[in-house]
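Visitor: Please show me the model, and let us then discuss it by question and answer.

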Amino acid sequence: MSKHAKVFWQSAVSVGLAMAIFQLFQGRIWAAAISGVAGGIVAGGGLAWLSYLGERKLAKQDIRTVNMDPVQERAVEVQYSTAVAFAASRAALLQIPRLRISQENKQAGEMEAHVGMAMRSFGEIVSVRVVSCGDNRSRVSIRGVPRMKATKADYGKGIENLEVFLRQMRAALPASASVI
């Protein structure tokens, strides 16, 4: 199933069911069927179109998308100690617009940050973890999760945030960063 078809069906079914249930509680069976199908098609089509526009915006920024899921994860292995990788990760994290670091533990190599709301997103929680791989190598993992658990689409905002982080990491550690 294509990325946009997935968004269409997820939103069409949830909105359609919500509209149908509302009508069913009022005892209108035909109205429930018609409003459920019509509302689902309109909502699903609109959200799939917004997802398509988000993907086009990412393409203009030279960001390739495999999926448009709101939950995104990336990892980078670098030829630096965990202390250097942690400092570079912190600097890269702060380049994400509307981000505020809420928790930071240098010894564990973990950071958690909150990204504020935007036109395409209700905000997200970004977690970064830096672990040693031995031989003066570190693995930096980043994960973005929407603040609202029911979010089905963020129109590429989560992908954009993680790619900003990765680009800043590459800029800080240009000679040895390799994306896994």
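Guide: A residue is called buried when its relative accessible area is under 20%. Please note that the model shown here is predicted.

Visitor: Which helices do the buried residues of H2 pack against?
Guide: The buried residues of H2 include Ala32, Gly36, Gly40, Ala43, Ser51 and Leu58. Glu55 is also one of the buried residues of this helix. Their packing partners are helix H1 (3-25) and helix H4 (157-172).

Visitor: What distance separates the end C-alpha atoms of helix H2?
Guide: Helix H2 covers residues 29-60, which is 32 residues. At 1.5 Å a residue the helix should span 46 Å, and the model agrees with this expectation, its end C-alpha atoms being apart by 46 Å.

Visitor: Which residue with a positive phi follows H2?
Guide: Helix H2 comprises residues 29-60. The residue in question follows H2 and has a phi near 65°; it is Asp62.

Visitor: What is the radius of gyration of the protein?
Guide: The protein has 4 helices and 6 strands, arranged from the N terminus as α-α-β-α-β-β-β-β-α-β. For 180 residues the globule rule gives 16 Å, and the protein is well over that value, so it is more spread out than a compact globule. Its C-alpha atoms fill a box of roughly 70 × 30 × 25 Å along the principal axes. The radius of gyration is 20 Å.

Visitor: How far apart are the mean positions of the positive and negative charges?
Guide: The protein carries 23 positive and 13 negative charges. The distance between their mean positions is 6 Å.

Note on methods:
Residues numbered from 1 in each chain as written. Predicted model: local features only at pLDDT ≥ 70, side-chain atom pairs only at ≥ 80, totals over all residues. Heavy atoms only, no water. Helix = DSSP H or I, 4+ residues; strand = E, 2+ residues; numbered from the N terminus. Rg over C-alpha atoms; globule rule 2.2 N^0.38 Å. Lys, Arg positive; Asp, Glu negative; His and termini not counted. Charge placed at Lys NZ, Arg CZ, Asp CG, Glu CD. Expected span 1.5 Å × (residues − 1). Buried < 20%, exposed > 50% of the residue type's maximum accessible area, 1.4 Å probe, protein only. Contact = heavy atoms within 4.5 Å.
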